[in-house]
Amino acid sequence: MSAEENEKKLETMKRKLAIMEWDLKRDQINPAQRMKYEHLKNECIKLEQELKSTTEKSPVQAWNILSRSSQVR
């Protein structure tokens, strides 16, 4: 996935998290949804770290990392 695609995915995930957090604060979330919330939150953190690490590298290094990750899939 490209950095732009990852950013869009992260935005979508954050919107879902915001809704789930609203439910969580009002004790309106069931155990299954809470597990989904925790999983989504962890995915969001990993994706943010991945995006941060690729933007901290030089453009050539970031391109090589992204190219390798897309070839693996």
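This is a predicted model: local features need pLDDT of at least 70, side-chain atom pairs count only at pLDDT 80 or more; totals for chains, interfaces and linings use all residues.
1. A salt bridge, as the term is used here, is a side-chain nitrogen of Lys or Arg within 4 Å of a carboxyl oxygen of Asp or Glu.

2. Glutamate 4 is exposed, at a relative accessible area of 54%.

3. Lysine 14 and glutamate 48 make a salt bridge in which the closest N and O atoms are 2.9 Å apart. This pair links distant parts of the chain, 34 residues apart: lysine 14 belongs to helix H1 and glutamate 48 to helix H2 (residues 31-56). Lysine 14 is partly exposed, with a relative accessible area of 41%. Glutamate 48 is also partly exposed, at 32% relative accessibility. As a general point, side chains of opposite charge can pair when their charged atoms come close.

4. On the overall fold, the protein chain has three helices and zero strands. Read from the N terminus, the order of elements is α-α-α. Of contacts between residues at least 6 apart in sequence, 56% join residues at least 24 apart.

5. The largest nonpolar core has ten residues: Leu10, Met13, Leu17, Met20, Ile29, Tyr37, Leu40, Cys44, Leu47 and Leu51. Helices H1 and H2 each supply at least two of its residues, and H2 gives the most, with five. In soluble globular proteins, nonpolar side chains tend to be buried together.

6. Leucine 51, one of the core residues, is in contact with Ala3, Asn6, Glu7 and Leu10 when its neighbours within four places in sequence are left aside. Leu10 is itself listed in that core.

7. Buried residues make up 21% of the 73 residues in the protein chain. The accessible surface comes to about 5900 Å², and carbon and sulfur atoms account for 54% of that area.

8. A word on confidence. The mean pLDDT of the protein chain is 83, with 74% of residues at 70 or more.

Technical notes:
Residues are numbered from 1 along each chain as its sequence is written. Side-chain values use heavy atoms; hydrogens and water are left out. Buried means under 20% relative accessible area, exposed over 50%, partly exposed in between (1.4 Å probe, protein chains only). Helices (H or I, at least four residues) and strands (E, at least two) are DSSP runs, numbered from the N terminus. pLDDT is the predictor's confidence in each residue, from 0 to 100. A nonpolar core is a set of buried Ala, Val, Leu, Ile, Met, Phe, Trp, Tyr and Cys residues joined through side-chain atoms within 4.5 Å. Contact means heavy atoms within 4.5 Å. Accessible areas come from the Shrake-Rupley method with a 1.4 Å probe; for residues, only the protein chains shown count as cover.
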